[in-house]
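My entries follow in the order I made them.

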Amino acid sequence: MVPPNLADIAFRGVKTLRAFGQRIPAAGGVLAQSLSGVVEGRKVMITGASQGIGRATALQLGRAGADVLLVARTQEKLEDVARQVQALGGGAFVHRCDLTDLKDIDRMAEDVLEQHGQVDILVNNA
């Protein structure tokens, strides 16, 4: 017997929930119909945001209207990603941090809360 594919189960579940939300008027506001519906105007912290998947995620979320809080070790790379996000119409804020250093994490967390008040969504990519 082949074990169930968890990705397929999750995908079917999301499709079912979306269909439910579209058919029942009171449930329509429960599920966002788009990425921008989920992230627009929210503060989204992305670790590992200077390259690869983190950079790509930052660009997509910025394009969708999120205020992305970019976290990684290299200031220059973060600033480059921030410029790209802003060019797409998103808000971008650089927070340099070495996530292998607990004191640096504490410093960055304090700075983020002081400057932004809260983080609505965390994409822990690093």
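**Helix 4.** I looked up the buried residues of helix 4 and found Leu78, Val81, Ala82 and Val85. Buried means under 20% relative accessible area, exposed over 50%, and partly exposed in between (1.4 Å probe, protein chains only). These four cover an arc of only 105° around the axis, which puts them on the same side of helix 4. The arc is that of the directions from the helix axis to the C-beta atoms. The face turned away from the buried side carries the exposed residues Glu76, Arg83 and Ala87. Helix 3 (52–63), strand 2 and strand 3 are among what covers the buried residues; contact here means heavy atoms within 4.5 Å. Helices (H or I, at least four residues) and strands (E, at least two) are DSSP runs, numbered from the N terminus.

**Source notes.** This is a predicted model: local features need pLDDT of at least 70, side-chain atom pairs count only at pLDDT 80 or more, and totals for chains, interfaces and linings use all residues. Residues are numbered from 1 along each chain as its sequence is written, and side-chain values use heavy atoms, with hydrogens and water left out.

**Length of helix 4.** I checked the span next. The 13 residues should span 18 Å at 1.5 Å a residue, and the end C-alpha atoms of helix 4 are 18 Å apart, which agrees. The expected span is 1.5 Å times one less than the number of residues. Just after helix 4, glycine 89 takes a positive phi of about 100°.

**Aspartate 80.** Aspartate 80 sits in helix 4 (residues 75–87). I found it partly exposed, with a relative accessible area of 34%. From serine 50 it is 30 residues away in sequence and 8.1 Å away in space, C-alpha to C-alpha.

**Helix 5.** I turned to helix 5 (residues 102–116), which has 15 residues. It reaches 21 Å from its first C-alpha to its last, close to the 21 Å expected at 1.5 Å a residue. Asp104, Met108, Val112 and His116 are buried there. Seen down the axis, the buried residues of helix 5 fall within an arc of 70°, so they line one face. Leu102, Lys103, Glu110 and Glu114 are exposed on the face turned away from that side. Strand 1 (43–47), strand 2 (67–72) and strand 3 (91–96) are among what covers the buried residues of helix 5.
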